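Me: Hi, I'm new to this one and would like a quick tour. Can you take me through it?

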Amino acid sequence: MTKLRQASEELRDAYRYPGFVPSRTIERLVDDPSAIVLALQRREKKTACGVCGWVARRWYDRRQRLVRDLPCGDLRVLLAVDVRRVRCAACGGVKQERLPWLAENPHYTRRFARYVGKLCRGSSLTEVAADLRLDWHAVKAMDMAYMQEQLERAGPPAPRVIGIDEISIRKGHVYRIIVSDLEVGRPIWFGGVDRSDASMAQFYTELGPTRCQAVEVAVMDMWRAFRTATERHAPQAAILYDKFHVLRQLGEAMDQVRKAEYKRLTDRDERQFIKGQKYVLLSHGNVPRLVESRVVPQGCCSRSIEW
Ligand SMILES: [Zn+2]
């Protein structure tokens with residue numbers, strides 16, 4: 001076998017599916033030079049009902065469908081497949097055959113849909129749709145199917161350390177709650193209708209009493225509803241406020257005091273001392289002010305500073 005022939009065989013193998021063999025000839029779409037069409041020739045006569053799996057030895061009718069598969073270099077690859085319908089004795093009707101390598105949307109192969117879903121992890125739906133020349137809604141559907149598959153693969157969550165936060169889904173204080181497994185480092189629940197106690201309780205209800213008992217630490221901001229729902233459903237869990245929110249509260253309290261002191265003082269010099277000192281009061285006491293002292297603390301900066 002010549003090397004060229006061998007390479008061609010290996011390429012054909014990449015598009016071989018159970019019961020089908022890709023043709024040796026490649027066709028092109030008349031109006032689209034960036035796509036090639038590989039006809040899949042059927043090797044098996046029998047097929048199965050797509051609904052119940054009943055094996056049929058003859059078909060009712062068939063029609064050719066172009067199915068998008070993984071690209072080959074810059075070329076988009078379309079498979080021309082005769083998709084059959086069978087008269088199913090078990091279901092009692094005419095049903096489309098089962099081809100397990102086709103995605104939920106039969107215009108795409110399963111592996112192509114997975115490829116699209118994977119791309120959506122790192123790019124926006126719009127970008128993926130533009131790059132692959134796909135309809136935005138089709139990309140969205142494949143992304144959702146991919147995420148569903150990932151969820152099933154990950155199995156039911158059984159977290160020991162959870163992180164609770166709200167996420168704004170549109171303008172005007174419309175929130176949903178997002179819960180993450182902080183040990184695994186991935187979100188495990190997204191839901192509710194707002195960020196209320198009742199919405200938070202939905203998560204614990206879905207988790208179930210046994211797995212609620214296994215939660216050891218719940219990290220959250222200082223939103224009361226998160227705490228009350230956690231105390232009710234997972235009373236054994238230690239509640240940990242995240243540092244950012246604690247510091248923000250401290251900062252706000254400090255600023256209130258600063259403003260109150262400014263109002264209280266009438267002496268110009270004393271007022272001058274407070275004015276403009278907001279960030280000095282909040283800063284770490286050991287760090288000298290760069291502009292005043294013109295001293296760069298050691299290890300504070302890796303580059304030279306100009307002033
Ligand atoms: Zn059937």
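Me: Among contacts between residues at least 6 apart in sequence, what percentage join residues at least 24 apart?
Reply: That comes to 42% for this protein. Keep in mind that this is a predicted model.

Me: Okay. How many helices and strands are there?
Reply: The protein has 11 helices and 12 strands.

Me: And what share of the residues is buried?
Reply: Of the 307 residues in the protein, 19% are buried.

Me: Which residues have the most contacts inside the largest nonpolar core?
Reply: Those are L40, V67, L79, Y108, A113, V116 and V139, in a core that has 20 residues. The elements giving two or more residues to this core are β2 (32–42), β6 (75–88), α2 (110–122) and α4 (136–154).

Me: Let's pick V116. Which residues does V116 touch, leaving out those up to four places away in sequence?
Reply: V116 touches V128, L132, V139 and M142.

Me: What about another core, how many residues are in that?
Reply: Another core, of 17 residues, lies apart from the largest one. I164, M220, A225 and F226 are among its residues.

Me: Back to α2 and α4. At what angle do their axes cross?
Reply: Roughly 90°, and the axes come within 8 Å. Angles of 65 to 115 degrees count as roughly perpendicular, so that is how α2 and α4 sit to each other.

Me: Which residues make the contact?
Reply: From α2 you have A113, R114, V116, G117, K118 and C120. On the α4 side, V139, M142, D143, A145 and Y146 take part.

Me: How do those divide into nonpolar, polar and charged?
Reply: The contact of α2 with α4 has 7 nonpolar residues, 1 polar and 3 charged.

Me: Now R133. Where is that?
Reply: R133 is in the loop between α3 (125–132) and α4. Its phi is near 55°, a positive value in a residue other than glycine.

Me: Is R133 buried or exposed?
Reply: Exposed, because R133 has 11 C-beta neighbours inside 10 Å, and 12 or fewer counts as exposed.

Me: What about H137, where is that?
Reply: H137 is in helix α4. It counts as exposed too, with 10 C-beta neighbours inside 10 Å. The C-alpha atoms of H137 and T126 are 9.6 Å apart, and the two residues are 11 apart in sequence.

Me: New topic: which loop holds G53?
Reply: G53 is in the loop between β3 (47–48) and β4 (55–56). With 11 C-beta neighbours inside 10 Å, G53 is exposed.

Me: What does G53 touch, not counting residues up to four places away in sequence?
Reply: A48 and R98. G53 and R98 are 45 residues apart in sequence, with 7.2 Å between their C-alpha atoms.

Me: Last one, E183. Where do I look?
Reply: Look in the loop between β9 (174–181) and β10 (186–191). E183 has 12 C-beta neighbours inside 10 Å, so it counts as exposed.

Me: Which residues does E183 touch, again not counting those up to four places away in sequence?
Reply: E183 touches R160 and V161. P159, 24 residues from E183 along the chain, has its C-alpha 7.7 Å from that of E183.

Note on methods
Residues are numbered from 1 along each chain as its sequence is written. This is a predicted model: local features need pLDDT of at least 70, side-chain atom pairs count only at pLDDT 80 or more; totals for chains, interfaces and linings use all residues. A nonpolar core is a set of buried Ala, Val, Leu, Ile, Met, Phe, Trp, Tyr and Cys residues joined through C-beta atoms within 7 Å. Helices (H or I, at least four residues) and strands (E, at least two) are DSSP runs, numbered from the N terminus. Two residues are in contact if their C-beta atoms, placed from the backbone, lie within 7 Å. Axes are lines fitted to C-alpha atoms, for helices over the stretch in contact, and angles run from 0 to 180 degrees between N-to-C directions. Angles under 35 degrees count as roughly parallel, over 145 as roughly antiparallel, 65 to 115 as roughly perpendicular and the rest as oblique. Ala, Val, Leu, Ile, Met, Phe, Trp, Tyr, Cys and Pro count as nonpolar, Asp, Glu, Lys and Arg as charged, and the others, Gly among them, as polar.
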